[in-house]
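Q: Hi, could you walk me through this one? I'd like to start with charges and rings.
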Amino acid sequence: VSPGIDIRVASAATSSPLEYLLKGDLDVAIVRNKIDNPQIDYEPIFQDKLYAIISNEHKLAKKKTISISDFEGDELFLHFTDPSSGNIPVIEVLLRAQQVKPKHLHRIHYTDAIVEMVNANLGVTVMADWIVRPYLKTKDIVAIPLPAQVASRTWYAATCKRNLPIIKFLDCLKHQFAKMTMNEQAPIMVN
């Protein structure tokens, strides 16, 4: 980044980054969900899209789009989140709102493990395009679009203070995410 800048990742802050930010334990938090607090400035840094990730052998693999109701009665593998943190994945919010009940909801820590479960046709998952893209080349899985109102997410850099090092860091962050998404502009290949 720059001489004199010390970057440390505070993995303990993952479940509640805005609390850490407000306490002064973080200078920048990367978040999807904003809270209404005048002390926090949010700057959009990139957007991603969510897809249903399904084995080529799964009964839903030939669909052009997946609706929330398609998860009814299926094994659903999601990244581990602590429900008590209040940071509930959008897919879980929609399942509850539409009263859709997967057979089981499995919270798993590791992306590779989730992909392997889906690859083995043991269930389905939902992942962002930038996470699943490399697996689509090496696994027998497909990415199927979710409804438009669900699929697009904006990620923000949240800060409580603006000084030159933080501004430079945010510029660098936005530049790197722009490169990442530009390199991945090709659409996800769906069935």
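A: Happy to, and note that this is a predicted model. First a definition: a charge sits over a ring if NZ of Lys or CZ of Arg is within 6 Å of the ring centre and within 35 degrees of the ring normal.

Q: Okay, so which ring does the charged end of Lys23 sit over?
A: The ring of Tyr20, with the charged end 4.7 Å from the ring centre.

Q: Switching topic: how many of the residues of strand β2 are buried?
A: 11 of the 15 in β2 (residues 41-55), so the strand is largely enclosed by the rest of the structure.

Q: And which strands does β2 pair with?
A: Strand β7 (residues 152-159) pairs with β2 in the antiparallel sense over 8 bridges. There are also antiparallel pairings with β5 over 4 bridges and with β6 over 5 bridges.

Q: What's the bridge partner of Tyr42 in β7?
A: That's Ala158.

Q: Now aromatics: how many pairs does a search of the whole structure find?
A: It finds 4. In one of them, the ring centres of Tyr42 and Tyr156 are 6.2 Å apart with planes at 80 degrees, so the pair is edge-to-face. Tyr42 is in β2 and Tyr156 in β7, 114 residues apart.

Q: Are those two buried or exposed?
A: Both Tyr42 and Tyr156 are buried. Phe46 and Phe177 make a stacked pair, 4.3 Å centre to centre with 15 degrees between the planes.

Q: Where do Phe46 and Phe177 lie?
A: Phe46 lies in β2 and Phe177 in helix α6 (residues 164-183), so their pair ties together parts 131 residues apart in sequence. Ring pairs also link these two with Trp130 and Trp155 into a cluster.

Key. Residues are numbered from 1 along each chain as its sequence is written. This is a predicted model: local features need pLDDT of at least 70, side-chain atom pairs count only at pLDDT 80 or more; totals for chains, interfaces and linings use all residues. Side-chain values use heavy atoms; hydrogens and water are left out. Buried means under 20% relative accessible area, exposed over 50%, partly exposed in between (1.4 Å probe, protein chains only). Helices (H or I, at least four residues) and strands (E, at least two) are DSSP runs, numbered from the N terminus. Two strands pair if DSSP finds at least two bridges between them. Rings of Phe, Tyr and Trp (its six-membered ring) pair if their centres lie within 6.5 Å; planes under 30 degrees apart count as stacked, over 60 as edge-to-face and the rest as tilted.
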